[in-house]
Amino acid sequence: MIDVLLPLAVVVPIVAATLPLALGLRYDRVGWPIAAVGTTAVAGIAAAIAAEVVVNGPFDHALGGFLPPVGIELVADRLSVAVLLLVAAVSVATLAFARVAGPRGNPFYSAYLLLVGGLVGMVLTGDLFNLFVFLEITGLTTYALIASDRSGASAYASLKYLVVGTVGASLYLLGVGYVFLATGTLNMLDVQAQIVAQAGYGDPLVRASYAFIVTGLALKIAIFPVHSWQPDAYQRAPDSVTTVVAALVSTTSAYALIRVTYTVFTVDFLAANEGIATALLVVSTVSIVAGSALAAMQSNLKRMFAYSSVAQFGMIGAAVALANETALLGGIVHLIGHGIMKFGLFLGIGLLALGYGSRQMSDLASAARAAPYTSGAVAVLGLGLVGIPPSIGFLGKWYIGVGAVDAGLAGGGAVGIAVAAAIFVSTLFTLSYVARLIERFYFAGAGLPGDHGEIFGDRGDDDAATDGGDAAAVGGRNESPAKTADGLPAPVEGAPRSWLVPDRVPTAPLLALGLAVLATVALGFGGFALAEWFGPFLAEVFA
Amino acid sequence: MFALASAGGAVDILATRHAYVAFALLLCIGLYMMIANPNLVKKIIGLNLFQTAIFLLFIASAYVEGGSIPIVPIGGPEGGLYVSPLPHVLVLTAIVVGVSLTAVGLALCIRIYDEYGTLRTDTLRELLRDEGSIPARRSPNAAGTDGEPAADGSAGAPDAGGETDD
């Protein structure tokens, strides 16, 4: 009966999503408690599923008693459980932040729970069409959440995402349609068998299907040439929404890419169609470099880390296309690690914005003296993103890099080496913008030698060097940021006060941020444990 | 199918595979409309057209020559030739998804119209640029100066009002 946990993990958040709206008719402010209970329940279920997978191995559940391949099944294996735990943990932790930062109101929490349900569904489903449905549930709620602070700019960013995201999901559906025409089935494992039995890897329908699916998912993940929706969406969304969306939405789409590539089409398909694999590899490599370069040019912190995501997902795409065991392990580790780190970074930025009223790098000079714990956490997570060991960011990049070099030496030739070089260049870019951030936080500000504190002087240069992302926002609307007498960023009026630390940030989200930092560093020590954890999955797909 | 294409040429494809031709045409028209039309609502219509094309692909693939509706009455004859019911079910689900997407899209359009009073992307971009929500376009002569004036001056005409209003 343990397998009933799988549908429960999907159903609990979706049913809970109706409650804030329904009970909201009678009571005010029921949204947060319901969301807290709902996501905690999901976390508990996820933990139980993980325990079962560890003890007894992968298991599945046929929905409604219709056995696959006709029915839809939900499957938990080591890969899906890892992403499931990430989804559950981040969705609980973000609530701590949403409680203080808003957006408030019951509909927000309904959408939030629906988003969690969609994400869990994407992770657990074993059916291609069902994956499309969950992809769209996730997408729809993300569009709604991004626009949930009711500003015009966020509505425009959200609509842009809606159009691009829907094209992505539709292209995915088109790919599923093609593979359905070729094989007559939709169950992932059955498709895997039927492609060999009925069509073969060289069949044009199967090839076109994979191309459409990859393109569609790339739009959703935001790989470089089709990433344009993502920085706007991340920047305009309310901070709590950015936190959850940046950590989870692209991550589960990338998970879907790994799942479809290795469970449905298999590594033999990639080997038989080198052109497709190489194309994906080239696009991903360009994405790595371009994303990092664009990130280094930003002055708005949210926008900067949004572009950084483009680069990190480029690495994951490259890991998928390299099709060797080490690289794929790196891709999966980086997928999880990137989720944790981006959760922490956007949470940290959100906390600073909540307490000190700015998301501009230039306004946050000396932030480390005003808010030592928050800034310290952001700095550690930033260094993790660069890939300084011990951190999970290092492990992911390391494995992908080693895998790329392996592929290069094993006959992949220049392409594998190019990927490794791109990762190196990207690391340098990442270092450049994270170091800029750390310099601002720790070594800039009034009263320091060389007085970097004259931020109005150098802001002009800063912005002229960027794409101008927020030049107008700084110059036009915002007045100069308030400063305390000794030149530190001044807390905004009514900024929350923590009983634990001098930072003017709320306590509960700060603890969540601390946990993210701990996880980033602790997992950095667990390279072999992670390799062992994903070993069975890798052995299965590279059998 | 490909042997047919090479032997019979385009006419045969049109005659026997018109559903697929329509699918490809609709897909391209929808995509073009999304990219080229400056009106947000028309972009959403293009999106719908794009999705409808995919529904058509599924439905066309379910067709079986001479097949009947896949409903077997109780006690009716077993067997027989039916069109495939599965794609119909998939398309029903996809239609529901498409409708909710359209609803969210139109709701966002209403919000944008309330805020800015326009649905044309080019006008909207100008307004957003004035408001500072998207990067200002840098004109060649402003590029040399420092960033601060670029923020409110370089977009040129639209926001010269800063000084002249009063």
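At what angle do helix 5 of chain A and helix 4 (residues 85-116) of chain B pack, and how far apart are their axes? The legends below begin with that pair, and every view comes from a predicted model.

**View 1. Helix 5 of chain A packs with helix 4 of chain B.** The angle is about 10°, and the axes lie 10 Å apart. Helix 5 of chain A and helix 4 of chain B are therefore roughly parallel to each other. From helix 5 of chain A, look for Phe129(A), Phe132(A), Val133(A), Glu136(A), Leu140(A) and Tyr143(A). Facing them in helix 4 of chain B are Leu90(B), Thr93(B), Ala94(B), Val97(B), Ser100(B), Leu101(B) and Val104(B). Sorted by class, this contact has 10 nonpolar, 2 polar and 1 charged residues.

**View 2. Helix 5 of chain A also meets helix 6 of chain A.** Here the axes of helix 5 (residues 128-146) and helix 6 of chain A come within 9 Å and cross at roughly 175°. An angle over 145 degrees counts as roughly antiparallel, so that is the word for helix 5 of chain A and helix 6 of chain A. Helix 5 of chain A contributes residues including Leu128(A), Leu131(A), Leu135(A) and Ile146(A). Among the partners in helix 6 of chain A are Tyr161(A), Leu162(A), Gly165(A), Ala169(A) and Tyr172(A). The residues of this contact divide into 14 nonpolar, 5 polar and 1 charged.

**View 3. Tyr172(A) sits in the largest nonpolar core.** That core has 213 residues, and Ile49(A), Tyr172(A) and Phe265(A) touch the most other members. Leaving out residues up to four places away in sequence, Tyr172(A) touches Leu128(A), Leu131(A), Phe132(A) and Leu135(A), among others. Its other contacts include Phe212(A), Ile213(A), Gly216(A), Leu217(A) and Val260(A).

**View 4. Asp77(A) and Arg259(A) form a salt bridge.** Side chains of opposite charge can pair when their charged atoms come close. In this pair, the N to O distance is 2.8 Å. Asp77(A) lies in the loop between strand 2 (73-76) and helix 3 (78-101) of chain A, while Arg259(A) belongs to helix 10 (residues 239-272) of chain A, so the bridge ties together parts that are 182 residues apart in sequence. Are these two residues buried or exposed? Both Asp77(A) and Arg259(A) are buried.

**View 5. Asp232(A) and Lys160(A) meet in another salt bridge.** Their N to O distance is 2.6 Å. Asp232(A) is in helix 9 (residues 229-236) of chain A and Lys160(A) in helix 6 (residues 152-183) of chain A, so this pair too links distant parts of the chain, 72 residues apart. Asp232(A) counts as buried because its relative accessibility is 11%, whereas Lys160(A), at 26%, is partly exposed. Bring Arg303(A) into view as well: Lys160(A), Asp232(A) and Arg303(A) are linked in a network of salt bridges.

**View 6. Arg120(B) pairs with Asp122(B) in chain B.** The closest N and O atoms of this salt bridge are 3.1 Å apart. Arg120(B) counts as partly exposed because its relative accessibility is 39%, and Asp122(B) is likewise partly exposed at 39%. Over all chains, the structure holds 7 salt bridges.

**View 7. Chain A has 21 helices and 2 strands.** Buried residues make up 64% of its 543 residues. Among contacts in chain A between residues at least 6 apart in sequence, 79% join residues at least 24 apart.

Technical notes: Residues are numbered from 1 along each chain as its sequence is written. Chains are lettered from A and ligands numbered from 1 in the order in which they are written. This is a predicted model: local features need pLDDT of at least 70, side-chain atom pairs count only at pLDDT 80 or more; totals for chains, interfaces and linings use all residues. Side-chain values use heavy atoms; hydrogens and water are left out. A salt bridge is a side-chain nitrogen of Lys or Arg within 4 Å of a carboxyl oxygen of Asp or Glu. Helices (H or I, at least four residues) and strands (E, at least two) are DSSP runs, numbered from the N terminus. Buried means under 20% relative accessible area, exposed over 50%, partly exposed in between (1.4 Å probe, protein chains only). Axes are lines fitted to C-alpha atoms, for helices over the stretch in contact, and angles run from 0 to 180 degrees between N-to-C directions. Angles under 35 degrees count as roughly parallel, over 145 as roughly antiparallel, 65 to 115 as roughly perpendicular and the rest as oblique. Contact means heavy atoms within 4.5 Å. Ala, Val, Leu, Ile, Met, Phe, Trp, Tyr, Cys and Pro count as nonpolar, Asp, Glu, Lys and Arg as charged, and the others, Gly among them, as polar. A nonpolar core is a set of buried Ala, Val, Leu, Ile, Met, Phe, Trp, Tyr and Cys residues joined through side-chain atoms within 4.5 Å.
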